[in-house]
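Please check each point against the coordinates.

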Amino acid sequence: MVDFKRFTLANGLRVLVHEDDTTPMAVLNLLYDVGARDEDPEHTGFAHLFEHLMFGGSVNIPDYDQPLQRVGGENNAFTSNDITNYYITLPSTNIETAFWLESDRMLSLAFSEKSLETQRNVVCEEFKQRYLNQPYGDVWLKLRPLAYTKHPYRWATIGQDLAQIENANMDEVKAFFKKHYTPQNAILVVGGNVKFEAVQELAEKWFGPIPAGDKYIRNLVQEPVQEEARTLTLHAEVPLNALYMAFKMPKRNDPTYQAFDLMADILSQGQSSRLYTSLLKDQQLFSDVHAYITSSLDEGLFLIEGKLVEGVSVETAEAAVWKELEKLKNISVTADELTKVKNKSESIMVFAEMNLLDKAMNLAYYELLGDAQLLNIEIDKYLEVQPEEIMQAAQRTFVPQQCSTLYYLIAKDA
């Protein structure tokens, strides 16, 4: 159970406070309700570019890291297709420094050509190193547009084309900031050795004067139902042939979401899981195999991926995967099997409640989902899932004509 209190500033900033006097530390987590799905198709990669730009200094604070390091603080951020999240951890006695830093860049980010050029180069280098110059690095650049034809999930967080980042100009960058980095598009969580009344005062002092900005109304193109199987074959300098299968699954807020998460665990959580036991240990078709979900705020993906053992044909491996999926569709999972993955999920969630930063991030995320109190009943939702719900999820999902399959083959097989 994570206790918290909340209030909202006049400019729309939602603030949640989690008091924990067992630690000398504090965390300030700021979630912006903007991700790669909110980008213009002609200007992708901007949300991620902003993650970097936000550390380039603001009008009043040219060096973001220096004052934070002086008070024993650390910071970082991450971007996804759905959100951008910034966080600071520091001794609680210095919490006002975090308010000062975070509010100043929300109010007045320094838009210098030098900063834009520097961060653009950093992002372009990351694009090349992580996505273009690594074995299997461009999988998501290929798989997303295969699985999604209309929805903006069709491009990865890094962007769909290096040129769009290289050509990002100052006017476009400023417009993106003005549209999304506003108090009413953000959720602030302060946790640790803090007091609710003190956080209220600091929030009013540092964030209160920031203009609310225009309300961003999200109106994304919805993905049509997939009615025929899609495939793509790539050949590259990779050590092993690989298979990637993507199926649509409900959005994060859907009441059946937990069944899908548990179904992924039944397939590939641990060495007694179905895919591991059958495809890797018994049949020795794969050298590794995984099933997982994207947990997207809009319609997401249920994925199965694996590297094939040398000499095994892709057709044989794919047929073996389908055989396991058919079993899930037609034979109910056992109570013991379901209990085991439920226990694993419960232990992961309990462990996350022990970490101050995890608690702050989760409170912000569940508040975005509709109510931070959802965090405290999430375990119950997993424990309530029944075997027939797993079967129903499998029947709904593992449909051949709704599968997008990427065959990633070693170049010599071309």
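1. Helices (H or I, at least four residues) and strands (E, at least two) are DSSP runs, numbered from the N terminus. This is a predicted model, in which local features need pLDDT of at least 70 and side-chain atom pairs count only at pLDDT 80 or more, while totals for chains, interfaces and linings use all residues. Residues are numbered from 1 along each chain as its sequence is written, and side-chain values use heavy atoms, with hydrogens and water left out.

2. Arg130 and Glu126 are four residues apart in helix H4 (residues 113-132), a separation of about one helical turn. They form a salt bridge (a side-chain nitrogen of Lys or Arg within 4 Å of a carboxyl oxygen of Asp or Glu), with the closest N and O atoms 2.9 Å apart. Arg130 is partly exposed at 46% relative accessibility, whereas Glu126 is buried at 16%. Buried means under 20% relative accessible area, exposed over 50%, and partly exposed in between (1.4 Å probe, protein chains only).

3. The whole structure holds 15 salt bridges. One of them joins Lys205 to Glu96, with 2.7 Å between the closest N and O atoms. Lys205 lies in helix H8 (residues 196-206) and Glu96 in helix H3 (residues 95-107), so the pair ties together parts 109 residues apart in sequence. Glu96 is partly exposed, its relative accessible area being 31%.

4. Arg252 and Glu378 also meet in a salt bridge, at 3.0 Å from N to O. Arg252 sits in the loop between strand S8 (242-249) and helix H9 (257-268), and Glu378 in helix H14 (residues 378-383), so that distant parts of the chain, 126 residues apart, are linked. Both Arg252 and Glu378 are buried.

5. A network of salt bridges links Arg6, Glu367 and Asp371.
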